[in-house]
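Subject: Handing over the two-chain model

Hi,

Here's the structure I said I'd pass on. Have a look at it first, and then read on for what turned up.

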Amino acid sequence: MNQLEIRDLWASIDGETILKGVNLVVPKGQVHALMGPNGAGKSTLGKILAGDPEYTVERGDILLDGESILDLSPDERARKGLFLAFQYPVEVPGVTIANFLRLALQAKLGREVGVAEFWTKVKKALEVLDWDESYLSRHLNEGFSGGEKKRNEILQLLVLEPAYAVLDETDSGLDIDALKVVARGVNAMRGPNFGALVITHYQRLLNYIVPDRVHVMMDGRIVAEGGPELALELEAKGYEWLRERVKEEA
Amino acid sequence: MSEADLRALGEEYKYHFVDEVKPVFVAERGLTRRVIEAISYHKGEPEWMLKFRLRALEIFQKKPMPTWGPDLSGLDLDNLVYYVKPAEVRDAKSWEQIPEEIRRTYERLGIPEAERKVLAGVGAQYDSEMVYHRVREELERQGVIFVAIEEGMKKYEDLFKEYFAKVVPPEDNKFAALNSAAWSGGSFVYIPPGVKVELPLQAYFRVNTPEFGQFERTLIIVDEGAEVHYIEGCTAPMYSTESLHTGVIEIVVKRGARSRYTTIQNWSTNMYNLVTQRALVYGDAFHEWLDGNLGSKVTMKYPSSYLLEPGARTEILSIAFAKTGQHQDTGAKIILGTPHTSGTIVSKSISKGEGRASYRGLVKVLDGAKHAKANVECDALLIDPESRTDTYPYIEIEEDSAHVGHEATVSKINDEQIFYLQSRGLKEDEAAALIVRGFIEPIAKELPLEYAVELNRLIELEMEGSVG
C-alpha cells in the first residue's frame, strides 16, 4: 500500500483528452523513470498529480499510500507528502528563497520551524547541491538561469523531504555539470521512505539517476515497462521503433 | 498575545473612540465661526492663531469641493463634529467595548506594546517607562524639540510662527483650508543644525500625547545638515465615529539635511482620508516620503516634495491597498525648481475585490531647472477580475535639459504562481498573500523591521479568504 498509484487516469484540458487511461505504480523506496516522445502527456501527468486546476480529470484515480488524493487541493497534496519539481519553475518577485522555503516547510510540517532547525536543514541541502548561501536571499526564481531554476527545485525537494516526488524534465536545458548536481540531489533523497517518478525525454539523466523501473508513455498511455535496460534500448533505437511495435500489438 | 492578555490590558487602557470617551466639550455640528472660536478658546490659543483659523474658514467656505478625483458626494461636511475636547484619561474602558473586528485585528497583528498604548490613549502612562524616558532625555540634550503641536505653538511661538502654514497655506486646497481652520493634535518637531537623530522619532515618544486628531497638523523643521526619520501612525485600524480625517503635514528640510517621513495608515472603512503632505527641500538636502494607505473609504493623498535649491533630492515611495468599497487615490508630486535637482517616485498599488486604486502624480520641471532628473515607476497589482486600477501621471516639463522617465505596469496575480506556491504546501490565500508581499517588498524593506512585520501581517489579514 506504500506507493503512489495512478489508476486508469483520463484527463483533458480545454476539451482535449491528453491522458487516456494511465496505469502506473511507484512503490515507496523506488525511483521510476517515465519516458516518452514529446506530446506523449508526461508533463501533463506530472501536473495532474500535483493538482493543477487547469486540467480536468475525467476518470480514474490517484492514490497516495492507498488514499485517493483526487479531491484534494494542490496544497493538501503537498502536505500529504507529494512534490512536483516543475519543468518551468515560476518566478515570484520580491519573495526570498529563504522566506519561502521556511513558510513551505512550516506548511508541510504543520508547525512553526525555528531559525536554527531551518538553517540546519537548508545548509545540508546547499552542501549536496554545491550551492552558495547567498542564493537564499535571492528572490524566488526571479532572473534565474534555467539551470539555477532547476537547482532551486531540487533544493526545495531536499528541504521539504516529501514522501513522493515527481520530477518533470528536470534535466532539460542542463549542461552535464548541472545535470550531475541535480542527480546528486535526487540520489541523496533515495531510501526506503522516498519514491520518485523521474520524467525525462532522454536517457542521459538516467546514467546518473539509475531507475528501478522505466515506463514509456505514448499518446496518453503507458505502452511499455521494463528495467533500466529499456531506457538504453530506447536511446539506441528511438521511439519510432516502439511506436511500430505498439501499432502491431493493436 | 492571547485574547485574555489583551483583555487584561483593556482593563488598564482606554481607547480613543470618540463615542466612548465622556468629553468635556463637544462642538455643534458643522464648521462655523462659533465652532472655530470655541476650538481656539478651549485650546487657550494666542490671538493670531484664532485670526488664522478664521481666515482659513473663509477660504474653506469659498472653495468648491474638488471634483477631479474620487467621488466625495457621500461626505456631508455640514453634519460633522469638528471638535471634541476629551476628558482627562481616568475611567478605564473595558476591552469588550471595542468593536469585535478591531479587537481581533489588534490581536492578530501583535501590535507593538507601545503602539497599542497610543491606540489606547494612555499617553501619560509611558512617561514612566525608562526606555522612552531615556530617548527623550537624549533628544533634549541634543536640543531636539519633539512635542505636541499645541505645545509647540505656545512654547516655541517665534519658531513655530516662522514656518507654520508656510509650506501648506490654507489657500492650497479646500481640505488644507479646513484643516487650517479646525486643526487639533499632531507633532511639532525641530532638529537643530547638524544634529543626527539616530532612532526614528515615533509619535509615541511624544510627551503629553494629546487626543487623536481628526484634523491633525504636523510641522517638522530639519535644520541645516541635520538628520531625522519621523514615523507617524500605525497599522492598526484607527476607528472613529466621525468619517473625515483631514491632516496637513508640513516639512522643511534645510540645506544639506536629510529627512524621512513614514506613515502607514489603516483607517476604518467609513473614513474619508484627505491629507496634504508637503516638504520644502533646500540645497543638497534629501527628503523621503514613505506612505502606506490601507483602509478608509476614500483616500486622497499625494505627498509632495518641492525641490527649491540646486542639489535637492527626493524619493517618494507609496503603497496603497484598496478593497471593495474603497478608493485609494494616491500618488506623489515633485516640483523640480532649480538645476541639478532629482526625484524618484515608486508607487505600488493593490486592488482586491471591487476595490479601486488610482495613481495620480505630478512631476513638474520648471524653466531653468537645468539637468533636473525625475523617474516615476508605478506598478499596480490586481487580485480579482473586478478589481480596478487607473493611472493619472501628469508630467510638465519646461526645461529642455531635463530627464523625466515614467514607467507603469499592471499585473494580475497569476494562476501559475498560485499553483506553484500551493504545490509547496501553502494554502491558496497564503500563496496570494505571499505574492502581494513580494510585490510590495521593494517598499516594505525600507520600513523599520517591526513596521515591516506588521505591514506583512496586515496584508495577510487583508488577503484572507480572498481567493478560491
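In chain B, strand β10 (residues 258-267) runs parallel to β12(B), and ten bridges join the two. One of the facing pairs is Thr262(B) and Leu290(B), the latter in β12(B). Strand β15 (residues 313-322) of chain B also pairs with β12(B) in the parallel sense, over eight bridges. There, Phe286(B) has Arg313(B) in β15(B) as its bridge partner. Strands here are DSSP runs of E with at least two residues, helices are runs of H or I with at least four, and both are numbered from the N terminus. Two strands pair if DSSP finds at least two bridges between them.

A word on what you're looking at: this is a predicted model, where local features need pLDDT of at least 70, side-chain atom pairs count only at pLDDT 80 or more, and totals for chains, interfaces and linings use all residues. Residues are numbered from 1 along each chain as its sequence is written, while chains are lettered from A and ligands numbered from 1 in the order in which they are written.

Back to β12(B) (residues 286-295): nine of its ten residues are buried. Buried means that 20 or more other C-beta atoms lie within 10 Å of the residue's own; exposed means 12 or fewer, partly exposed is in between, and C-beta atoms are placed from the backbone. Asp284(B) counts as partly exposed because it has 18 C-beta neighbours inside 10 Å.

For chain B overall, there are twelve helices and 21 strands. Of its 468 residues, 50% count as buried. Among the contacts in chain B with a separation of 6 or more, 84% are between residues 24 or more positions apart. A contact means two C-beta atoms, placed from the backbone, within 7 Å.

Which residues have the most contacts inside the largest nonpolar core? They are Val198(A), Ala182(B), Val253(B) and Val436(B), in a core of 188 residues. Helix α11 (residues 428-444) of chain B gives the most to this core, with ten residues. (Such a core is a set of buried Ala, Val, Leu, Ile, Met, Phe, Trp, Tyr and Cys residues joined through C-beta atoms within 7 Å.) Leaving out residues up to four places away in sequence, Val253(B) touches several others, including Val222(B), Ala279(B), Tyr282(B) and His287(B).

Now chain A. Four of its strands form an open antiparallel sheet in the order β2-β1-β4-β5. β2 (16-27) and β5 (67-68) of chain A each have a single partner strand, so one side of each is left without a neighbour in the sheet. Strand β1 (residues 3-13) of chain A is joined to β2(A) by nine bridges, with Gln3(A) opposite Pro27(A). Helix α1 (residues 42-50) of chain A packs on the sheet, touching β1, β2 and β4 (56-64) of chain A, and its direction makes about 70 degrees with that of β2(A). Axes are lines fitted to C-alpha atoms, for helices over the stretch in contact, and angles run from 0 to 180 degrees between N-to-C directions.

Asp8(A) lies in β1 of chain A and has a positive phi, near 40 degrees; it counts as exposed because it has 12 C-beta neighbours inside 10 Å. Glu67(A), in β5 of chain A, is exposed too, with 11 other C-beta atoms within 10 Å.

Chain A also has an open sheet of six strands with mixed pairing, in the order β6-β7-β8-β3-β9-β10. Neighbouring strands in this sheet are turned by 20 degrees against each other on average, direction ignored. Inside it, β3 (residues 31-35) and β8 (residues 195-199) of chain A pair in the parallel sense over four bridges.

Finally, where the chains meet: the contact takes 21 residues from chain A and 19 residues from chain B. On the chain A side, α2 (74-79), α3 (97-109) and α5 (146-160) each supply at least two residues.

Cheers
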